[in-house]
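Here's a quick briefing on the model you have open.

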Amino acid sequence: MDLITTTESLYRLCDSLASETFITVDTEFMRESTYWPDLCLIQVAGETVHGLIDPLAPGIDLKPFFALMDNPRVLKVFHAARQDIEIMVHRAGIVPHPVFDTQIAAMVCGFGDQVGYEAIVRKLAKAQIDKSSRFTDWSRRPLSEKQLAYALADVTHLRVVYEALKKELDRTGREHWLREEMDILTNPATYRTEPEDAWKRIKVRLRSKKQLAVLMATAAWREREAREKNVPRSRVLKDDALAEVATQCPQTREALNQLRALPKGMASSRIGDAIQKAVAEGLAIDPKSLPQPADGRDEMSDAAQAAAEVLKLALKVVCEKEGIAPKLVASSSDIDAVAESDTADVHLMHGWRRELFGELALAIKRGEAVIGFEGGKVRVLPAARDVKAAAE
């Protein structure tokens with residue numbers, strides 16, 4: 001099983017694949033020691049042609065492959081596409097289109113939340129994947145025949161999985177549901193990450209806008225530092241240290257040195273100076289321009305909490321009946337937001353999600369629908385008049 005290691009052979013492969021109606025695509029990459037993923041292998045397959053591309057081969061130009069990814073006449077099929085697409089955005093500045101993500105399609109078709117590739121291959125392709133090469137070091141050369149066979153199987157089985165899911169989407173009439181999700185996946189804005197938004201990924205209890213401002217400034221500094229050095233964020237500063245900086249707001253080297261989560265000696269280093277500068281920048285932010293810290297918000301009322309519990313149960317009931325993963329329809333925070341406000345601007349209240357459950361959620365809040373039994377099964381049913389009157 002040969003690797004494509006020259007630009008000339010890559011052109012030939014991509015020319016052949018450009019005539020296909022759809023192709024399956026996967027990548028192998030490493031990112032344990034870098035900020036940006038290191039692309040180590042590309043697998044592609046059409047109906048009759050397939051290939052393994054070595055991005056690490058000396059002198060190879062991946063331009064033909066990226067042109068294929070940018071070809072609007074060829075559907076690109078991935079499983080869990082986001083990280084694969086992120087690589088292409090970083091390497092070539094392109095977002096592949098059109099795209100079909102079998103993981104999302106499987107959720108739409110009722111295979112559960114974020115179904116694993118091995119499970120869906122067993123179910124739909126009736127095949128077993130050898131997992132022994134799953135955690136291999138894809139950057140090492142030469143790759144063994146076993147590694148290459150494992151990598152190629154990812155895209156050859158994916159052809160069967162795609163065709164089965166496409167058939168099920170056509171049967172259920174849910175293709176437009178998937179199309180909405182693919183519009184998000186192929187939107188360049190999905191892959192635009194700004195350092196100023198990095199604070200949102202940090203889990204920390206904040207009590208004041210001052211602490212939030214320091215978190216925003218220090219998280220943005222860490223994000224820029226990690227990008228510039230191409231190292232993992234934790235290599236610059238771990239999340240728990242960042243959280244402690246935010247809660248303590250140290251303004252001097254001595255105060256910084258008192259933090260338990262900060263490595264010994266860091267306060268006196270270049271990184272320590274940079275943290276102090278970021279803290280000062282955060283404290284200079286006008287508090288009026290900041291959102292309220294999560295822990296500073298009023299807790300949900302008892303009525304809203306009760307409504308949220310009912311809506312979560314109703315969501316489960318509806319999704320079981322419709323054969324779709326609840327997580328794809330609404331997150332817990334979406335449900336909480338709708339429980340608190342009929343006008344909540346969350347994913348649940350837009351597009352096919354509103355059609356499937358959003359309107360029903362509002363009907364339950366109004367007392368126009370209830371959870372009950374029908375034919376021995378739990379269902380969401382229209383409320384009887386006396387129930388409506390009691391609700392009013």
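Two strands pair if DSSP finds at least two bridges between them; helices (H or I, at least four residues) and strands (E, at least two) are DSSP runs, numbered from the N terminus. With that in hand, 5 strands form an open sheet in the order β3-β2-β1-β4-β5, with mixed pairing. Keep in mind that this is a predicted model, where local features need pLDDT of at least 70 and side-chain atom pairs count only at pLDDT 80 or more, while totals for chains, interfaces and linings use all residues. Residues are numbered from 1 along each chain as its sequence is written, and side-chain values use heavy atoms, with hydrogens and water left out.

**The chain as a whole**

- The chain has 17 helices and 7 strands, and its C-alpha trace spans about 70 × 70 × 35 Å along the principal axes.
- Of its 392 residues, 48% count as buried; buried means under 20% relative accessible area, exposed over 50%, and partly exposed in between (1.4 Å probe, protein chains only).
- Take the contacts (heavy atoms within 4.5 Å) between residues at least 6 apart in sequence: 63% of them join residues at least 24 apart.

- The edges belong to β3 (50-53) and β5, each of which pairs on one side only.
- On average, neighbouring strands of this sheet are turned by 25° against each other, direction ignored.
- On the parallel side of things, β1 and β4 pair over 3 bridges, with Phe-22 opposite Leu-75 in β4.
- β4 also runs parallel to β5, again through 3 bridges, and Val-77 has Phe-100 in β5 as its bridge partner.
- In a regular strand the side chains alternate between the two faces of the sheet.
- For β4, both faces are covered: Leu-75 and Val-77 are buried on one side, Lys-76 and Phe-78 on the other.

**Helices lying across the sheet**

- Axes here are lines fitted to C-alpha atoms (for helices, over the stretch in contact), and angles run from 0 to 180 degrees between N-to-C directions.
- Helix α1 (residues 7-17) lies across β1, β2 and β3, running at about 145° to β3.
- Helix α6 lies across β1, β2, β3, β4 (75-78) and β5, at about 135° to β1.

**Helix α7 and its surroundings**

- Which residues of helix α7 (residues 175-185) are buried? They are Trp-177, Leu-178, Glu-181, Met-182 and Leu-185.
- Looking down the α7 axis, these buried residues fall within an arc of 135°, so they line one face of the helix; the arc is that of the directions from the helix axis to the C-beta atoms.
- The cover over them includes α3 (82-92), β5 (99-101), α4 (102-108), α6 (145-172), α14 (326-329) and α16 (351-365).
- Two packed helices are described by the angle between their axes and the distance between the axes.
- For α7 and α16 those values are about 135° and 8 Å.
- That makes α7 oblique to α16, given that angles under 35 degrees count as roughly parallel, over 145 as roughly antiparallel, 65 to 115 as roughly perpendicular and the rest as oblique.

**Residues to click on**

- Gln-43 sits in strand β2 and is buried, with a relative accessible area of 0%.
- A polar atom of the Gln-43 side chain lies 3.2 Å from the backbone oxygen of Ala-151.
- Beyond four places in sequence, the contacts of Gln-43 include Thr-24, Glu-28, Leu-52, Ala-151 and Val-155.
- Thr-218 is in helix α8 (residues 209-229), where Thr-218 is buried at 1% relative accessible area.
- The side chain of Thr-218 reaches the backbone oxygen of Val-214 at 2.7 Å and that of Leu-215 at 3.3 Å.
- Not counting residues up to four places away in sequence, Thr-218 touches Leu-242, Val-245, Ile-275, Ala-278 and Val-279.
- Met-216, also in helix α8, counts as buried at 18% relative accessibility.
- Met-216 and Gly-282 are 66 residues apart in sequence, yet their C-alpha atoms are 6.9 Å apart in space.

Notes: Polar contact = N/O pair within 3.5 Å; in protein donor to acceptor, adjacent residues only side chain to side chain.
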